[in-house]
Each structure stands twice: as C-alpha cells, then as structure tokens.
Amino acid sequence: MDNQEILDRVEQGIKLLLENEEDSLKRGLNELNASTHLAFYLKPLFKDYNVDPEYNGDIDKPNDRKALDIASNRIKEIGKKPNELETYKLSPDIIVHRRRTNKHNLAVIEVKKDIHSKHLKDFDLIKLEHLTISYLGNHYNYNLGIAIVLGTNDNTGNYDLTIFKEGIPVKRRDLR
C-alpha cells in the first residue's frame, strides 16, 4: 500500500469519527475516547492489517516492548533532565501494522484534542519522528507517522495533520 493510500484511509477514518462522535468531541471528552473510536473506524479501512490502540509490543526486543532508545538526544533538546533519558517506553495512540513482525508497519498515529495540541510540540512529535526513520539502527520503519489534532467544543468538525516520513515532517504532495 502506498503512502498516499494510507493517508487517504486515515482521513476517511477521521471523517467517520467527526460524523459519528460529534457529541463527544463537542463536550471535549477524554483524548483516549477519541483515539479508541478512531481505531474502531480505521479497522475496516485496513482489512489486511491490525489496527491497535495503545500497542507497545515489539517482537524484535528481548522484553517485547517498544522503547525510545536512539532519540534520547532529541528528548534532551526539549529540556528533560539527564536522569530522565534512560528509557522511554512507547505506546503510540494507534498503529496500523501486522502483529508479531516489524516488516509491515504502515502508520503510527498520535491523537490530541486542540486544547492539548501544544503538547504535540514535544514528546509525541519525537515519537513519530523516531518510529518512521529507517536508519541509525531503528527497526520500526513505519511508512508514515501522523499527528492528528482534533477540534473540540466550538471547533468540533475540524482537524489538523502533521505527517512524518523518514523522520521528517512532510507535505501531502511529498508522500511519494
């Protein structure tokens, strides 16, 4: 599946979320509620893949858990203390993949409500950057990282995307 098709399907899922969960978004309910519903809407759009919320498994790690190990210098850039850099466990909001392998990782998704979108400047964007790079020994190799900011309250129905490919934010037209 090419990157454009992945993004098109994710946007279809977002539109279903906005149509069907408008009340929850208007009320500003929990972010986990929105991301879990989004995973539900994505599942039929990716029939040959698993769509998992809060998935932290990593078949290639001895303890079978995702961890942020090569991006610690990036974390340091956002002001974390050295004793906080040892291990960062990763549980992306949603991943589209095939379980028990890292060879079919299509998309890693982080979801935020617009009132919390300033947090996307920090650790969530670093996670998406890290999980989409294919060099420096990284083995996750997600085709795309997608940060979604969902409008809530009076802004319900709107959303914004930041897309990562190879660890770099890209525009939709550069997905090829």
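This is a predicted model: local features need pLDDT of at least 70, side-chain atom pairs count only at pLDDT 80 or more; totals for chains, interfaces and linings use all residues.
The chain contains five helices and eight strands. Followed along the sequence, these elements take the order α-α-α-β-β-α-β-β-β-α-β-β-β. Contacts in the chain between residues at least 6 apart in sequence include 65% that join residues at least 24 apart. The chain has 176 residues, of which 47% count as buried. Its accessible surface amounts to about 9,300 Å², and carbon and sulfur atoms account for 46% of that area.

Attention may now turn to the aromatic side chains. One aromatic pair is found when the whole structure is searched. The pair is formed by F40 and Y41, whose ring centres lie 5.3 Å apart; because the planes meet at 75°, and an angle over 60 degrees is the criterion, the arrangement is edge-to-face. Are these two partners buried or exposed? F40 has a relative accessibility of 54% and is therefore exposed, whereas Y41, with a relative accessible area of 11%, is buried.

Aromatic rings also take part in arrangements with charged groups. R9 places its charged end over the ring of F46, at 5.7 Å from the ring centre. R98 is positioned over the face of Y49, and here the distance to the ring centre is 4.4 Å.

Conventions
Residues are numbered from 1 along each chain as its sequence is written. Side-chain values use heavy atoms; hydrogens and water are left out. Rings of Phe, Tyr and Trp (its six-membered ring) pair if their centres lie within 6.5 Å; planes under 30 degrees apart count as stacked, over 60 as edge-to-face and the rest as tilted. Buried means under 20% relative accessible area, exposed over 50%, partly exposed in between (1.4 Å probe, protein chains only). A charge sits over a ring if NZ of Lys or CZ of Arg is within 6 Å of the ring centre and within 35 degrees of the ring normal. Helices (H or I, at least four residues) and strands (E, at least two) are DSSP runs, numbered from the N terminus. Contact means heavy atoms within 4.5 Å. Accessible areas come from the Shrake-Rupley method with a 1.4 Å probe; for residues, only the protein chains shown count as cover.
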